[in-house]
Structures are given as structure tokens and as C-alpha cells.
Amino acid sequence: MPPSPGDLVLDAQDLHKSFATGRTGWHRTRVSAVDGVSLRLRAGESLGIVGESGCGKSTLARMLVGLERPDSGSITIHGRDVARTRGRDRRLLRRQVQMVFQDPYTSLDPRMSVLDLLAEPLIVHKRVDGAAARRDRVAELLSLVNLAPELMHRYPHQFSGGQRQRIGIARALALEPEVLVCDEPVSALDVSVQAQVVNLLRDLQHRMGIALVFIAHDLSVVRHVADRTAVMYLGRLAEIGDTTTVYEEPTHPYTQALLSASPVVDRSRRRLADRIMLAGDPPSPTDPPSGCRFHTRCRFRQDRCSQEQPVLRSLDGPADRLVACHFAEQTRDSAGAR
Amino acid sequence: MRHASESALHVRGLSVTFGTRRGSVPAVVDVDLDVARGELVALLGESGSGKSAAARAVMGLSARNATVSADAMRLGDTDLLGLAEPQLRHLRGTRMSMVFQDALSALNPVLTIGDQIGELFREHRGMSRRQARAAAVDLLGQVGIPAPARRVGEYPHQFSGGMRQRILIAMAIALRPELVIADEPTTALDVTVQAQILELLDSLRRDLNMAVLLITHDLGVVSEVADRVMVMYAGRVVEAGSADDLLGTPAHPYTEALLRSVPQADQRGQALYAIPGSPPSPTHQPAGCPFHPRCGFVVDRCRTERPPLTVVADGRTAACHRTEEVRHAAVTG
């Protein structure tokens, strides 16, 4: 039964994930990739996740689709916690949440025809019985992503990058998921074909009521696609809220710096020169700073920031937005003054 | 004034053809390049458009199966065409240099940064080990690496991606070349680091009066730093001009379509303009204008007759039969 718009389809609470990276001396070192992230996704909405490399956005995506198990925290789909379970509940996660990968050149098996690629999930999940019925379903999936059904007997190398990404999307749609997690879905594509794939994803979201998690480093694409945007820094959420609010009234000092550094295609609004500088390099995730993880690079830093971890909180005002900063009221005002 | 300044790079009729088992593949066809001292020229194109092949040909770094020909190729007043490999080798580094995209594979992992930068000074300037090391420390400080005296003894893997890119830039500018070619120098970097690198390139060419040829596929990067832009499609320059002019009123449908497909804040919620199809492979180029199968301005003539690159306005060239209509459409939007 498809959920009606606004229903909660995925509820991730307090996800943690760290990876062992070897040892220095006697100590095992661990990278804390995701540290206490909570997300809620409603049917048919799109959530953008932005942040720089190493901020944990891909690890988060992989946990949401079940490719990684969180160390702690829960992922609830339709009231069932699927993060720690095996067997049937795990299959529920796989069926409801599917992933579109970044690189369409390596994510499709070169020795499988498009028919085999798209029929595989149908067979594994016993969705469609009989070769003829499967072929019909594959044709349907192909037309869903604007590819001609006659192409189903071809192999991945016979397609262009944009077409391959469409095949990847069709494969993700095969089980009629409610959530599609897209990890940098256009960054491996030629500039002139990126818009095609962005449009397709938005179209699927609206037409089929699929919820999108859209991870990208291109801030202008996220702004275009996402209803809500989450900004991550070193494994934690810095800010999350309505996309327009986050972009037009960025409040976390990191969001402000990130947005000011992203180039715009407008000669009259060149802003590299007066962007907000970040002091120093990103800290190593094996040894994250205490308190607020951003405090080493923050221009509003005070003593409290290195001692006390700020929690996500809402500000006064009507905007649907949460910020993890002790001094959010002041930083918001300073952004307005710029 | 910039355009009155001396020319650093002057190339006419550059063509690069790769010999493969399936026959010869033209990657660059009849490209003219001009970069003046202190000027930043962007070479904009997608993968396979020939932008990197053109740059490597200028540097004399083409792959072994490539055939390079040109009517003229000058660096300052030196004719590059007549030079033998040893002479060209001497020019690389001293008078022209290149910054590569992937800093980790462009640096030698088993030598310290100091040794790699120092090698330039020892090889080209005949400095001693000690002098070269001091020069390396200087240079690292100049490109904004903190605590250069300590970090000069570290290995490439100990630096972050942005720092490694700075090291490559340091090596490229070490001997004060007239021309720096930067091949997608920020593509692998995060936006905050990208902004730092672009700013560094911008200030270096201003302070040291270098000519910079920036190869990129990113319109945002072009818009932020370029003085002039050349747009390449399917191995040819399809449009060139000053950045303000070209980005404001594109004269070629490809540029116009690229600009239109960039998401704008005020168009949220609408479908993006999408260019149909995908870029042609160099082995199967369409007849006539190479962009015609994807072009919104296409007429019959485009399918048979390839438009030459012609002057459309002061300092502007474009290769399109319908450039007047394109420019008009861009203005009225």
C-alpha cells in the first residue's frame, strides 16, 4: 500500500558509525564517520545532504540503505526497527530503500545485459514470476526512465554515461521502493547531461511519490532538488531545515562558509574575494575536536565551544530549521548584516 | 591594460590526432590559443572535448600515439615548433609548467616534498642541496602552507588534498614561468578548498604577472576567475571571448544551453533546461556542425555544412550559422 504524502516513511535516530583504521602505538585508532545523526523522511519529500569529503554523508547513505550497520541507533521503517535485525526485516529495508550510485561506469556489471540487470532484483525478491512477465516489467522500468524498451538486450558499454545512470535508477526502482538514496548521482556525468538526470529524479519523486535523499557536493543542484537540506560537518549535523531557509538565512557558521565558497555562474555576483574564510585545514576524523567539532575553524569561537557539544535546536521564528550552534542567534544576525 | 600586454602563448591551427587500432582519432582540430602575461584564460569543455589534449600538446607532453601539428606555436618569442625534446624539456618548468588534477599521482610518494621541489632548483638553477631546501621552504610559505620549515621534510601522503594541490602549484611556479597550465586543478577538491586554490592562482598571476590557462568543465569556476573564455566542443573551439561578454550574451548554442542548464535560485521547483543527447565520441562525429543533433537552433544548413569560427563582435568569435539569433535569444532570455 503506497503511503500518502506526509506520512513518515523512514525514521533514523541517533546513528553512530565508526571504522577501525589501524593502530598508533598500543591504541587502535577509529574514525568516527557518523556521530549521532537523526533524520526523518516523509513520503514524497526530498532531503538534500551537503558537506565536504569526509563529513560522513556517504556513510550515512550506506547505513540508510543497509550497506553498513550502524554501531548504535535505530532506523525505523513503518514502525519496525531494521537497523539491527537480520532476515525478514532486513529484506524490508532493502525493498523499501534503494540506492542510486555515483559512478554508472562501475556500478553496473559489464557482463549482464540490461534485461538481466533489471530482472535480478525482481528474481531475488520473487516479485514477478515468469520470464515474459519479467520482460514486461523491465520494459516498463525502462520507459519510466525514458529509455526505449528495445534497448534491454544491450550491455552497459553500449550506453553513454547519462543513459547508464538511467539504467542504475531503473534498477533501483525495480522493487518500487519508497525511498531512493542518491549518492552524488550526477557528479560523474558530463555537465551537459547532468540536468537530464536531475530532472528525471525530480520527476520520479513527484510522479511516484518516492522520497529522495539527495547527496551532492554541488550546492546549486541540491538547492534545486531538495525540499529540505541537511548540512554535515565531521559526522554531525550542523544545520537542517527548509532548503530556502538554509540557503537564504544560513545560521551555522559552517553553513555560512560553505555557501559563500560555492562559485556561482553570475559575473555580477562574483564572491570568491569576500567569502567567509575557514581557518586551517579540516581536522582529522580520527581525532575530532572536543565540544563543537567545528570550533577549530569557526570565526565565532568562544571558550564554551571547545568544551560543550551544541545540540540541534530550533530558533525562534516560524522557520522549520534546526541548528547545532551555541551562538546561533548571533551568527544568524551577523549573516544578515553581511 | 591587459590586452595591450605582451603575449605569453600564441598558438595557431593546433591539431592533435591519436593513432589507435581502429584508425586515427582527431582529438583537437585547428585550435587557436592566445594567453597574455597576467591574463587568466579558461578553456571550458566536457570530457572528450579535447581541452586536455590541446594543453598537453602545448607542453610537449602528448601521448606517444599522438600526432601534433600546428601552424604556429610560440611561448613568448620562442618558437616551440622547431624545438627538439632536450630543449623543450629545459623550457618545461622554467618558462612553462603544468598543474595536474590528481595531486596524489602527480607527486612521487617516496620523496619528501622538499626533495621534489628542491629538485627543480637543483636541476634548473644549479643550487646546492641546502639552498634548494631553503628555496622550497620559501615557496611553500608563498602558497600558504602553514609551518613550511617543518612540513618540507614530510611525504605527500601526510598532506591533505588541498595542501597537495598547493604543493603542485608551488612546483609549477617555482621557477617563475611565463605560462602556467592548470588542468582541472580543483575538480577533486571541496568547495571551500577550491575557493582557496582559485584565489591562490588568481593572486599569483597578478603578483608574478604569469599567464594562466585554466582547463575546466565547471562554469562556476570560469565565472569566478576567468578574464577570457574559450569553449571547446568535439575537438574544436566553438566560441571565444571575454568572460563578461561570453557569459552574459553567449553566441554559440552550446554555451547558451550550458548556461541555461545551471540551476538558478529563482527557478526552484521547475524542471531544469536539459540539453538532449550526449556529447559525440571523437570517432563518430556528426556531419556538419558537431553540435547540430543537440541544438535548439538547428536548421538544414547545420546538418551539412560545418560553420567556421568567425568574428561576431569585437574580441568575440563563434562557430555557428545562427549566431545572431543565439545572441538575440540570450539577451531577451
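Start in chain A and select its open sheet: eight strands in the order 6-7-8-3-9-10-12-11, with mixed pairing. Strands here are DSSP runs of E with at least two residues, helices are runs of H or I with at least four, and both are numbered from the N terminus. Two strands pair if DSSP finds at least two bridges between them. Strand 6 (97-100) and strand 11 (313-314) of chain A are the edge strands, each pairing on one side only.

The model is predicted: local features need pLDDT of at least 70, side-chain atom pairs count only at pLDDT 80 or more, and totals for chains, interfaces and linings use all residues. For selections, residues are numbered from 1 along each chain as its sequence is written, while chains are lettered from A and ligands numbered from 1 in the order in which they are written.

**Strand 3 of chain A**

Select residues 46-50 of chain A, which make up strand 3.

Strand 8 (residues 211-215) of chain A pairs with strand 3 of chain A in the parallel sense over four bridges, and A:Ser46 stands opposite A:Leu212. Strand 9 (residues 228-233) of chain A also runs parallel to strand 3 of chain A, joined by four bridges. In strand 9, A:Ala230 is the bridge partner of A:Ile49, and A:Val231 is that of A:Val50.

**Helix 1 of chain A**

Next, show residues 57-64 of chain A. This is helix 1, which lies across strands 3, 6, 7 (179-183), 8 and 9 of chain A and runs at about 155° to strand 8 of chain A. Axes are lines fitted to C-alpha atoms, for helices over the stretch in contact, and angles run from 0 to 180 degrees between N-to-C directions.

**Helices 7 and 8 of chain B**

Move to chain B and select helix 7 (residues 161-173) together with helix 8; the two pack at about 15°, with their axes 10 Å apart. They are therefore roughly parallel to each other, the term for angles under 35 degrees. Residues making the contact include B:Gln165 and B:Ile169 of helix 7 and B:Leu200 and B:Leu204 of helix 8. A contact requires C-beta atoms, placed from the backbone, within 7 Å.

**B:Pro282**

Center on B:Pro282, in the loop between helix 11 and helix 12 (300-304) of chain B. B:Pro282 counts as buried because it has 20 C-beta neighbours inside 10 Å. B:Ala27 is 255 residues away in sequence, yet the C-alpha to C-alpha distance is 6.3 Å. Leaving out residues up to four places away in sequence, B:Pro282 touches B:Val25, B:Pro26, B:Ala27, B:Gly48 and B:Gly235.

**Where the chains meet**

Finally, show both chains. The contact takes 33 residues from chain A and 34 residues from chain B. On the chain B side, helix 8 (191-208), helix 9 (219-225), helix 10 (243-248) and helix 11 (253-260) each supply at least two residues.

Methods. Two residues are in contact if their C-beta atoms, placed from the backbone, lie within 7 Å. A residue is buried if 20 or more other C-beta atoms lie within 10 Å of its own, exposed if 12 or fewer, and partly exposed in between; C-beta atoms are placed from the backbone. Angles under 35 degrees count as roughly parallel, over 145 as roughly antiparallel, 65 to 115 as roughly perpendicular and the rest as oblique.
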